[in-house]
Amino acid sequence: VYNKVQVAVSMIQGALAGPQQFFKLVKDTETFDSGQVRFIEKWMNLAQKEAGMFDALIAMWQEAFLLGSGVLKITMEDDIVRRPGIEMMPVYSDPQQAFMAAQMGMPTQRPVVSTSEKILQRLKIAHVPLWNIYPDPWASDFYKGKYVIEEFELDEEDLQERVQAGTYDSIEDIGEPVRMHDSGYSRGQRLEMSENSASNRRRHLIQEYTGNIYDREGKIVAENWIITVANERAILRIGPNPVWSGKNRYVFSTPIPYEGRVWGRSMVQADAEIQEEMSEFLNLMIDDSKYSALGAFQIDESLSDEPSEVDSIEP
């Protein structure tokens with residue numbers, strides 16, 4: 001299985017290493033030769049490189065080959081970029097002293113190196129672990145589902161940055177951090193996370209619901225909205241999905257379709273069936289050799305009807 005996955009991933013990397021000709025890919029030959037389209041294609045190439053698209057694609061397909069499905073998340077989010085800059089600060093805290101210094105021709109401000117903040121909107125493409133995604137269980141296909149839920153953990157300082165950027169509302173009422181495994185979500189328990197459970201970092205459980213909203217009678221209230229909940233108690237964000245395509249933010253990859261199911265069929269599952277049959281076949285061969293080498297057993301069948309139990313079996 002490992003060799004098969006590595007070969008498949010290598011082939012995908014080789015295909016992605018070539019020139020990114022997006023419009024030839026969709027066979028839009030009529031407008032491909034125009035200068036405007038070539039400019040848009042260069043911009044798309046730059047945008048996907050900054051968003052880390054190819055690395056996320058490789059991670060998605062690698063997990064899809066192993067587990068049957070892979071998930072990609074595409075979002076437009078506001079980020080706070082911090083960089084050093086020069087800011088003029090007042091020399092005197094007392095306005096009277098500053099006024100007197102100005103009268104005497106002395107400087108009232110001095111340059112200070114400080115961290116300046118700037119909010120930028122960026123395209124983000126990331127691989128979502130299959131353990132953290134929950135699609136609509138009543139859908140036979142992911143894209144026919146009415147909703148999808150994603151779970152992850154965020155550091156408290158990252159939550160504060162998203163509040164400053166305007167992505168989330170206030171985080172004053174989110175309460176104490178709730179970890180994924182404390183809430184009974186066993187799929188988040190992995191070896192690399194067990195060592196971090198004793199850390200003092202404040203990491204909060206975030207659940208994002210993307211899809212339709214229904215009332216108590218089952219009637220639809222809103223379509224394609226996003227609801228973000230922290231620690232299963234406080235709503236951080238609720239509103240329409242900002243993605244311009246009008247769809248949800250997730251791309252679902254299923255290399256081997258599984259009819260009537262959201263999830264795909266993994267290479268591991270296909271090979272596991274062969275491995276089980278092979279193991280059973282080898283066990284029969286070993287048992288046959290073992291019994292053929294041992295001596296024959298003889299049991300006195302006349303004692304089988306007696307109330308006493310069999311005391312011994314002798315060759």
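Strands β6 and β7 form a hairpin with 3 residues between them, and Asn-231 in the turn has a positive phi of about 55°. The two strands, β6 with residues 220-230 and β7 with residues 234-240, pair in the antiparallel sense over 6 bridges, where pairing requires that DSSP finds at least two bridges between two strands. Within this pairing, Ile-226 stands opposite Gly-239 in β7. Strands (E, at least two residues) and helices (H or I, at least four) are DSSP runs numbered from the N terminus.

The model is predicted, with local features needing pLDDT of at least 70 and side-chain atom pairs counting only at pLDDT 80 or more, while totals for chains, interfaces and linings use all residues. Residues are numbered from 1 along each chain as its sequence is written, and side-chain values use heavy atoms, with hydrogens and water left out.

The structure holds 8 salt bridges, each defined as a side-chain nitrogen of Lys or Arg within 4 Å of a carboxyl oxygen of Asp or Glu. In one of them, the side chains of Arg-237 and Glu-208 meet at 2.9 Å, N to O. Arg-237 lies in strand β7 and Glu-208 in strand β5, so this pair ties together parts that are 29 residues apart in sequence. Both Arg-237 and Glu-208 are buried, a term that stands for under 20% relative accessible area, with exposed meaning over 50% and partly exposed the range in between (1.4 Å probe, protein chains only). Arg-237 and Glu-208 also belong to a network of salt bridges that links them with Lys-73, Glu-150 and Arg-249.

A salt bridge of 3.2 Å, N to O, joins the side chains of Glu-153 and Arg-203. This pair links distant parts of the chain, as Glu-153 is in strand β4 and Arg-203 in strand β5 (residues 203-214), 50 residues apart. Glu-153 is buried, with a relative accessible area of 10%, whereas Arg-203 is partly exposed, with a value of 22%.

Aromatic rings of Phe, Tyr and Trp (its six-membered ring) pair if their centres lie within 6.5 Å, and planes under 30 degrees apart count as stacked, over 60 as edge-to-face and the rest as tilted. By this rule there are 4 aromatic pairs. The ring centres of Phe-142 and Tyr-143 are 5.3 Å apart and the planes stand at 85°, so this pair is edge-to-face. Phe-142 and Phe-252 form a stacked pair, 4.3 Å centre to centre with 10° between the planes. Both Phe-142 and Phe-252 are buried. One aromatic cluster is formed by Phe-142, Tyr-143, Phe-252 and Trp-263.
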